[in-house]
Amino acid sequence: MRLSILDKGHGLGPKMLFALIRAVSRQPVLDVIKLATYRPDFYGALAQGVTHEAMRGPSAWSVGDRELMAAFIAKSNECEWCTRAHAAVAERALSDAAKVSGVLADLETAPIQEPLRATLRMLRKLTREHAVNEDDMRAALAAGVSCEQIKDALAVCFAFNVTARLANAFGFALASPKAFEAGSKYLLTRGYR
Amino acid sequence: MTDFRQARQGLVQRILEGKGTASHAQRRAAFDNAELEEPMHTLIEKVAGHSERVTEEDITAALASGLTEDQIFELVVCAAVGQVTREYETALLALAAVSKKE
């Protein structure tokens, strides 16, 4: 990571947590965990609450759909780290690796329902162009997405557009597939808090 | 998602108004992506608009300007949350406008 404090500036509590993670998972600690536990009173603890509500709070979108949105938003942000991390979670949640790889390869031909496809189109535009307009919302609604579903998808987009920016800016080191796999198990079991 | 709204507002309030090593004015400027001098202007602009373009050199230049790592950490967080807050609010306004008309 580009700031040494995010690698080695943690207090005793997080350091003990890192040792436990390494012992149990037999994998290095993911950089996102180092970020979340560095001065958590400033950012990490609150951000985890935001992400947990977006990803695990009540919604008509399934957990798998929301993890797929997270991976897709990460790809739209050119954040390799976040794309791999959330593709792993989405694959596990949906039990459908082909669906996840299909969406990441080509949204238009991916084997998903139209409401989800229309929602992902809108999220991609918001992520890449930093704005969406009334026509974009009409297109999603016309595809059968409800207003509440759009709001819920925008919450996912909020959480992961922040995370991707920080992963890119702080230079998260890519982890091994096994490390992402261990992380995905944890996120599906425990959520983001 | 009332809980999400509250959690998001809490995050924004904390990073802008709570205790930090960067001044409140610096954090607000990073959040708004405005009124920053180089080299922070370049770094914050990239975090907000094209974070994939941030380089090691951008961080090194910020450190060389006299900012501490903690200050850079806070300002980058503020820049990310600020940009995404604007995008999120723009999208909600577009949705509300359509909902009102239909």
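In helix 9 of chain A, which spans residues 134-142, the buried residues are D136(A), M137(A) and A140(A). Because they cover an arc of only 95° around the axis, these residues lie on the same side of helix 9 of chain A. The face turned away from this buried side carries the exposed residues D135(A) and A142(A). The structure described here is a predicted model.

The buried residues of helix 9 of chain A pack against elements of both chains: helix 8 (114-129) and helix 10 of chain A, together with helix 5 (69-101) of chain B. Just after helix 9 of chain A, G144(A) adopts a positive phi of about 105°.

Two packed helices are described by the angle between their axes and the distance between the axes. For helix 9 of chain A and helix 5 of chain B, the angle is about 65° and the axes are 8 Å apart. Helix 9 of chain A is therefore roughly perpendicular to helix 5 of chain B, since angles of 65 to 115 degrees fall in that class. The contact involves E134(A), D136(A), M137(A), R138(A) and L141(A) from helix 9 of chain A, and A94(B), L95(B), A97(B) and V98(B) from helix 5 of chain B. Helix 9 of chain A passes helix 5 of chain B in a right-handed crossing.

The interface as a whole brings 36 residues of chain B into contact with 40 residues of chain A. On the side of chain B that touches chain A, helix 1 (2-17), helix 4 (56-64) and helix 5 of chain B each supply at least two residues. Helix 5 of chain B gives the most to this side, with 20 residues.

In its secondary structure, chain B has 5 helices and 0 strands, and its elements run α-α-α-α-α from the N terminus on. Its C-alpha atoms fill a box of roughly 55 × 30 × 20 Å along the principal axes. Of the 102 residues in chain B, 41% are buried. Among contacts in chain B with a separation of 6 or more, 57% link residues 24 or more positions apart.

In soluble globular proteins, nonpolar side chains tend to be buried together. The largest nonpolar core of the model contains 95 residues, of which V156(A), V76(B) and A79(B) touch the most other members. The largest share of this core, 15 residues, comes from helix 10 (residues 147-170) of chain A. When residues up to four places away in sequence are not counted, V76(B) touches L166(A), A169(A) and V47(B).

Several loop residues show particular backbone geometry. Most residues other than glycine have a negative phi, and most peptide bonds are trans. In the loop between helix 2 (12-25) and helix 3 (31-36) of chain A lies R26(A), a residue other than glycine whose phi is positive, near 60°. R26(A) counts as exposed because it has 10 C-beta neighbours inside 10 Å. In chain B, N33(B) is not a glycine, yet has a positive phi of about 50°; N33(B) is located in the loop between helix 2 and helix 3 of chain B. With 18 C-beta neighbours inside 10 Å, N33(B) counts as partly exposed. P39(B) also has its place in the loop between helix 2 (24-32) and helix 3 (40-49) of chain B. The peptide bond joining E38(B) and P39(B) is cis, with omega about 5°.

Definitions and conventions
Residues numbered from 1 in each chain as written. Chains lettered and ligands numbered in written order. Predicted model: local features only at pLDDT ≥ 70, side-chain atom pairs only at ≥ 80, totals over all residues. Core = buried A, V, L, I, M, F, W, Y, C linked by C-beta atoms within 7 Å. Buried ≥ 20, exposed ≤ 12 C-beta atoms within 10 Å, placed from the backbone. Helix = DSSP H or I, 4+ residues; strand = E, 2+ residues; numbered from the N terminus. Contact = placed C-beta atoms within 7 Å. Arc of directions from axis to C-beta. Axes fitted to C-alpha atoms, helices over the stretch in contact; angles between N-to-C directions. Parallel < 35°, antiparallel > 145°, perpendicular 65-115°, else oblique. Left-handed = near helix turned anticlockwise from the far one by under 90°.
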